[in-house]
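Colleague: I am new to this structure and would be grateful for a guided discussion of its features. May we look at it together?

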Amino acid sequence: MHNQLPKHVKIVEVGPRDGLQNEKEAVSAAVKIELVDRLSRAGFTNIEAASFVSPKWVPQMATSAEVMAGIARRPGTLYSALTPNMQGFEAALAAQADEVVIFGSASEAFSQRNINCSIAESIARFEPVAKAAKDNGLRLRGSISCAFGCPYQGDVPLDAVADVVGRMRDLGCDEVDIADTIGVSTPRKTQAVMETAARAFALDRISGHFHDTYGQALANIYASLELGVTIFHSSVSGLGGCPYAKGATGNVATEDVVYMLNGLGIETGIALDVVVEAGAFISQHLGRKGASRAGNALLAKRTL
């Protein structure tokens, strides 16, 4: 346990991709471009902007090439894209993505249910994508879902997490995300999982991706900070519901995370007021109130 918290944290903004992909109503490329540009101006050094998957499976991401072509790229910011296969990789390369994201699950039941194959098979399928990323000088990120619990099997053993982290490491991943896809973790559990991951991969390249389904995301981020984790994922305005829990919130809201880190004196390089504006912009476009408590409180203060 570190007595002191990290001095600097990197926040990976996942709203434009992970956040918007589950929206029922189509969001135009122009709105997505505007959202990414606002987030770039807020100072994020990594924005998940696109997903090159079959539009048949994820219709919201059909405009990814257009979005990547239209954004105003900020020097020093990595624009990432999810690439499930070589076809997706080629599209990401053509769209000039800085980083490609591959993904697997720590839960065998989830892997079978979602993609009809074992964890080992699913990750082996990414070998050509990983090699192509390295050959083309792109950063490679590995994302591990259900690392803290699974909607189908419940508990996920720690050795299963260690195994997948090791596989991602062996593929050459530069960074590995440990994700609480259904938001069930609590602080002690979070620390046990992060400690396990850190035995298989460099701690400074492990990120926490927490969902707020049970209201535990900020507590889990704090628990990770105590161990020395310095990279976290969040979504502006809390975009992105949890597909496995009806009506539940999904990704932790960026505004809430930045507000907490600011209060802890941890540098993020992110302008909170600009993120709040970006959250207000996208929430207004989606016709609903944003899910960020800090964002809503700060906006209410402005209108007083």
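Colleague: Which helices and strands each supply at least two residues of the lining of the largest pocket?

Modeller: This is a predicted model, in which local features need pLDDT of at least 70 and side-chain atom pairs count only at pLDDT 80 or more, while totals for chains, interfaces and linings use all residues. Residues are numbered from 1 along each chain as its sequence is written, and side-chain values use heavy atoms, with hydrogens and water left out. Helices (H or I, at least four residues) and strands (E, at least two) are DSSP runs, numbered from the N terminus. The elements that each supply at least two lining residues are α1 (15-19), β2 (46-51), β4 (99-105), α5 (108-115), β5 (139-145) and β6 (175-180).

Colleague: Which residues are the closest to the centre of the largest pocket?

Modeller: A pocket is an open set of points on a 1 Å grid over the protein atoms alone, where a 1.4 Å probe fits, with protein on both sides within 12 Å along at least five of seven lines; lining residues have an atom within 4 Å of a point. About 1300 Å³ of space lies in the largest pocket, the volume being the space filled by probe spheres set on the points, which are joined across faces, edges and corners. Of its 39 lining residues, the closest to the centre are R17, Q21, L82, F103 and N114.

Colleague: Is T83 buried or exposed?

Modeller: T83 is found in the loop between β3 (78-82) and α4 (86-94). Leaving aside neighbours within four places in sequence, T83 is in contact (heavy atoms within 4.5 Å) with residues including F89, V101, F103 and F126. Buried means under 20% relative accessible area, exposed over 50%, and partly exposed in between, with a 1.4 Å probe and protein chains only. At a relative accessible area of 0%, T83 is therefore buried.

Colleague: How far apart are the end C-alpha atoms of helix α12?

Modeller: The expected span of a helix is 1.5 Å times one less than its number of residues. Helix α12 (residues 272-286) has 15 residues and so should span 21 Å; this agrees with its end C-alpha atoms, which are apart by 21 Å.

Colleague: How many disulfides does the structure hold?

Modeller: A disulfide is a pair of cysteine sulfur atoms within 2.5 Å. For C117, the nearest cysteine sulfur, that of C146, is 14 Å away. For C150, the nearest cysteine sulfur is also that of C146, 4.8 Å away. The number of disulfides is 0.
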